[in-house]
Amino acid sequence: MYVKLLNIIIDGLLTGGIYSVIAMGFGLQYGVARVLNVSHGEFIMIGAFATWSLYTLFGVNPLVSLVICGPVLLIIGFFIHRTLFTRIRNSSESLAVVEGNSLLASFGLLFIIQNIALLIWGPFVRGLSFLSYPVHFAGTTFGANRLMTPAFAVGISVAFYLFLANTRIGKAIRSAAQEPAIAGLMGVNINQVLALCFGLGALMASFAGSLLSITYTISPTMGLEYTAISFIVVVLGGLGSIPGSFIGGFILGLIGSIVSYFEPGLSLIAYYVIFMLLLMVRPKGILGK
Amino acid sequence: MNIAPVTSKRLFPLGLLFLVLILLSTLPIYGPKYAVILLTDILLYVILALSWAIFSGPTGYISLASAAFFGAGMYTSAFLGKALPLFVVVGIGGLISSCLAFMAGTLTLRLRGMYFIMFTFGLSQLIKHLILWWEAHVSGTIGRFVIIIDVITVYYVILVLFVMALLIAYLIRRSRLGLALQSIGENEDAAAHRGVNVTVVKVITFALSAFFIGAAGAIMATRWTYIDPSISFNPLYSFMPVLMAIFGGLGQLYGPIIGGVIFAYLEEVLITRFAYYYMLFFGIILVIVILYLPNGFVGLIQKWRKRPLEGQHAST
């Protein structure tokens, strides 16, 4: 019983930690940059495959590639926002139109990125074996990667939150989330900040992808599933609330591991049922304002 | 003196439509089988785009539930196809989708904008996973076989559905219902204050638009002969109608039709050459359209039409 419980909790923290990282990036992109980024999962997939390639081709430690791939995707995300979404922002007359057009553009990105990945890596399911030796922990045995991933996920999430809460750039981002126009008047370069937010979302996606590639199998078409999970976590935590996404990720991960302990096929169904009930009963989420 | 050009202007598109419909309905007599199959695919996409646009065009509510409706129609066909005549099956497929849309509509009354998009997306995914689980654990299968029906019958059913969808879309546009939808799209609160029963209007139109998607799913399932939840609830069926309708343009009735025709034909051409990567081109086209044609193809056409007029004004 004790072992089973521990297994459920570790599994919950493992998936929950990754969900948190994913959802924080997604939440930032929607909450501040106003892009409901349907291609978020594709950035995760790119992060995962970059890590996989670096490991299998050059033997780079996945934790090192985590640090390499993140900033690269940050820059890519930044430039995608500058070239694509900034133009949409400038040419659309109202916020609703901006959101609608950005959604459609991110659909375009989804198809483009996914198919480029298919061209490069082919339609195969991949996986890498890293840190898969057993570790004795609290009386039972776990793969080392399964213990390390949640720790890293929590570390990344906390660091990300502290960055937003305490730095000067974080302050600019928060002001842009509240009142973009006034933030602009106060000397915040709004286009840069929004692009940075989109880039930070891509950075978090890349981190999550690297962590995913250590523990799970990956494929070029895996993105949409994680995008859907980002939807759910962000709504659960409250749209636009970064701590909400953090907590929501862990809650969803634990729910998933409890449900799949009883009936493995039902965890996704449980996610969607929770999601739709939430939208009907409390669309603001746990920490929404 | 002015009457003649006005009537001819109105009669011209009507005549053109009539001509096209006659050509389409007689096609199986003289056309090759390939043309019939290709046109079935094109008409399917047009139906999807057109029925999506019936609700989402004027109101601005972006629905990603099309896959749920389409898949529901397909599964109706799989379950009832052997027992009942084809037309009844297609009708029931449409009605089940309508009921689904009706329920979804009543549940999501309070949701707007992104929340509505997310809910409809969640709905189609939930149904997909429910059926996947049910089939695997209760009925012990993955997919199901559907009775085969000859291509020409399928073609005629699709054609009839297309004409019906077009007619309904046209009638809604010309009616008070259309005006009500338009006003919801402009400003929902204001519309409610002016006496539009926002709830009823939205739910009825949503259910109506779902009918054609479900019916189209029921008939197309017989063409594909084998279906499973991943095929019939493919999220692409949620995305494509949105993309086609926006690409064509939502301002006019012919926008989604143009979008559907272009996408279906493009897919046919690209899929034979780049079987795996044709979606890449869709992505690129989509991004270009969003950036340079914010009002879709229709916007472009209207721009061309207006240009000479503007020139006249400038010169005077």
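Arg273(B) is exposed, because 8 other C-beta atoms lie within 10 Å of its own, where exposed stands for 12 or fewer such atoms, buried for 20 or more and partly exposed for the range in between, with C-beta atoms placed from the backbone. The model is a predicted one, in which local features need pLDDT of at least 70 and side-chain atom pairs count only at pLDDT 80 or more, while totals for chains, interfaces and linings use all residues. Residues are numbered from 1 along each chain as its sequence is written, and chains are lettered from A and ligands numbered from 1 in the order in which they are written.

Arg273(B) belongs to helix 12 (residues 254-273) of chain B; helices (H or I, at least four residues) and strands (E, at least two) are DSSP runs, numbered from the N terminus. Between Arg273(B) and Ile47(B) there are 226 residues in sequence and 26 Å in space, C-alpha to C-alpha. Ile47(B), together with Ile22(A) and Ala216(B), has the most contacts inside the largest nonpolar core, which has 191 residues; such a core is a set of buried Ala, Val, Leu, Ile, Met, Phe, Trp, Tyr and Cys residues joined through C-beta atoms within 7 Å. Leaving aside residues up to four places away in sequence, Ile22(A) touches Ile44(A), Met204(A), Ala205(A), Ala208(A), Tyr226(A), Ile229(A) and Ser230(A), a contact being a pair of residues whose C-beta atoms, placed from the backbone, lie within 7 Å.

With helix 8 of chain A, helix 6 of chain A packs at an angle of about 100°, the axes being 10 Å apart; axes are lines fitted to C-alpha atoms, for helices over the stretch in contact, and angles run from 0 to 180 degrees between N-to-C directions. This makes the two helices roughly perpendicular, a term that covers 65 to 115 degrees. Ala172(A), Ile173(A) and Ala176(A) of helix 6 meet Ile190(A), Val193(A), Leu194(A) and Cys197(A) of helix 8, and by class this contact has 7 nonpolar, no polar and no charged residues. Ala, Val, Leu, Ile, Met, Phe, Trp, Tyr, Cys and Pro count as nonpolar, Asp, Glu, Lys and Arg as charged, and the others, Gly among them, as polar.

Between the chains, 33 residues of chain B are in contact with 36 residues of chain A. On the side of chain B that touches chain A, helix 5 (113-139), helix 11 (236-248) and helix 13 (278-292) of chain B are the elements that give two or more residues, and the largest share, 14 residues, comes from helix 5. This side of chain B divides into 27 nonpolar, 6 polar and no charged residues.

Two loop residues remain. Arg34(A), in the loop between helix 1 (2-31) and helix 2 (40-58) of chain A, has a positive phi near 60° and is buried, because 21 other C-beta atoms lie within 10 Å. Thr225(B) also has a positive phi near 60°, but is exposed, with 12 other C-beta atoms within 10 Å.

Definitions and conventions:
Two residues are in contact if their C-beta atoms, placed from the backbone, lie within 7 Å. Angles under 35 degrees count as roughly parallel, over 145 as roughly antiparallel, 65 to 115 as roughly perpendicular and the rest as oblique.
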